[in-house]
Amino acid sequence: MLISFSGLDGAGKTTQIKMLLNSFNEMGYLTGSVYELYPDIRYHSIQDLKNLQIFLEKYDVIHLRFRLNSDENNKIMNTLEYSDFSTPYIAQTVALQGYFDHIRLYRYVVFPLLEKGKTIISDRHYYDEVAFKCAYGCSYSYMMNMYTDCYKPDIAFYIFVSPETVFCRNINRPDGKTTLYQDITHIIKLNDIFKQLLIDTELIKINGNHSCNDIHKNILCTLTDTLDINFPN
């Protein structure tokens, strides 16, 4: 089973993933995370991915990312994140490398774990790749076509908070130093792309303006109704 969380930086994805892992843990499942082995979410070789799969297979419920960053992607992504949005060809290059990294992670880690009956909670999915790369200059159709055959989550959450809230929350975050979060007009554009994705995809909108506990309860109710997972009260 694959559960994904999407949204802008500062929306609360990490918090909700941790709370969901705790809920599974309270049910007796052994939970683990990619960050235990690769805290920088980087990989340098296929062997790194194979090692990750071996490391994670001892867990029942696993916190993963939609992709890990290869050395190649890390270099060009850094260039893109601090660009002035005037070079869409860089965004297209990063998008292609990100797609390649995603394919590798799914081939060597995600699919083997799913075949073993594991539950994977993914921080981001292809929806985020589409939204962020479009914000940097890729066309919407270009990105959607790239992920046409992407493996879809059993349930995909989108945690929504307003562009103004995201702008304020990112002032003191490391991600907030990138050019995307320095100008609220870029955040509004990113938010608009997610609005379109809510129409075109399976994303389920979760109001991120409530308390963490209320958001968590909403997520648990949705999982119970949709996937028939019976969480304790």
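Colleague: To begin with the rings, how many aromatic pairs does the count come to?

Modeller: The count comes to 14 aromatic pairs. Please bear in mind that this is a predicted model.

Colleague: How is a pair of aromatic rings described?

Modeller: One gives the distance of the centres and the angle of the planes.

Colleague: Take Phe55 and Tyr59, then: why is that pair edge-to-face?

Modeller: The planes of Phe55 and Tyr59 stand at 70°, so the pair is edge-to-face, with the ring centres 6.0 Å apart. The cut-off for that class is an angle over 60 degrees.

Colleague: Is Tyr59 buried or exposed?

Modeller: Tyr59 counts as buried, because its relative accessibility is 7%.

Colleague: And how far apart are the ring centres of Tyr99 and Tyr147?

Modeller: They are 5.2 Å apart, and the planes are at 70°, so Tyr99 and Tyr147 also form an edge-to-face pair.

Colleague: Which parts does that pair tie together?

Modeller: Tyr99 lies in helix 4 (residues 88-115), whereas Tyr147 is in the loop between helix 6 (140-146) and strand 5 (155-160), so the pair ties together parts that are 48 residues apart in sequence.

Colleague: Which residues do ring pairs link into a cluster?

Modeller: The cluster contains Phe66, Tyr99, Tyr106, Phe111, Tyr126, Tyr127, Tyr147 and Tyr151.

Colleague: Let us turn to the whole chain. How many helices and strands are there?

Modeller: The chain has nine helices and six strands.

Colleague: Why does the radius of gyration agree with a compact globule?

Modeller: A compact globule of 233 residues would have a value near 17 Å, and the chain has 17 Å, so the two agree. Along the principal axes, the C-alpha atoms fill a box of roughly 50 × 40 × 35 Å.

Colleague: What share of the residues is buried?

Modeller: Of the 233 residues, 52% count as buried. The chain exposes about 10800 Å², of which carbon and sulfur atoms supply 51%.

Colleague: And what share of the contacts joins residues at least 24 apart?

Modeller: That share is 79%, taken among contacts between residues at least 6 apart in sequence.

Colleague: How far apart are the mean positions of the positive and negative charges?

Modeller: The mean positions are 3 Å apart, for 22 positive and 27 negative charges.

Colleague: Back to helix 4. Is Val110 buried or exposed?

Modeller: Val110, which is placed in helix 4, is buried, with a relative accessible area of 1%. Beyond residues up to four places away in sequence, Val110 touches Leu64, Leu105 and Ile120.

Colleague: Where does Ser122 sit, and which residues is it in contact with?

Modeller: Ser122 is in strand 4 and counts as buried at 1% relative accessibility. Setting aside neighbours within four places in sequence, the contacts of Ser122 include Leu2, Ile3, Ser4, Phe5 and Leu64. Leu64 is also among the residues that Val110 touches.

Colleague: On to the backbone. What is the phi of Phe85?

Modeller: Phi of Phe85 is near 70°, a positive value in a residue other than glycine. Most residues other than glycine have a negative phi. Phe85 lies in the loop between helix 3 (71-81) and helix 4.

Colleague: And what is the phi of Arg124?

Modeller: Arg124 has a positive phi of about 80°, although it is not a glycine. Arg124 is in the loop between strand 4 (119-123) and helix 5 (126-135), and it is buried, with a relative accessible area of 12%.

Colleague: Lastly, where is His216, and which residues does His216 touch?

Modeller: His216 lies in helix 9 (residues 212-227). Apart from residues up to four places away in sequence, His216 touches Gln16, Met19, Leu20 and Ser23. His216 is buried, with a relative accessible area of 11%.

How values were computed: Residues are numbered from 1 along each chain as its sequence is written. This is a predicted model: local features need pLDDT of at least 70, side-chain atom pairs count only at pLDDT 80 or more; totals for chains, interfaces and linings use all residues. Side-chain values use heavy atoms; hydrogens and water are left out. Helices (H or I, at least four residues) and strands (E, at least two) are DSSP runs, numbered from the N terminus. The radius of gyration is taken over C-alpha atoms; the globule rule is 2.2 Å times the number of residues to the power 0.38. Buried means under 20% relative accessible area, exposed over 50%, partly exposed in between (1.4 Å probe, protein chains only). Contact means heavy atoms within 4.5 Å. Accessible areas come from the Shrake-Rupley method with a 1.4 Å probe; for residues, only the protein chains shown count as cover. Lys and Arg count as positive and Asp and Glu as negative; His and the chain ends are not counted. The place of a charge is taken as NZ of Lys, CZ of Arg, CG of Asp or CD of Glu. Rings of Phe, Tyr and Trp (its six-membered ring) pair if their centres lie within 6.5 Å; planes under 30 degrees apart count as stacked, over 60 as edge-to-face and the rest as tilted.
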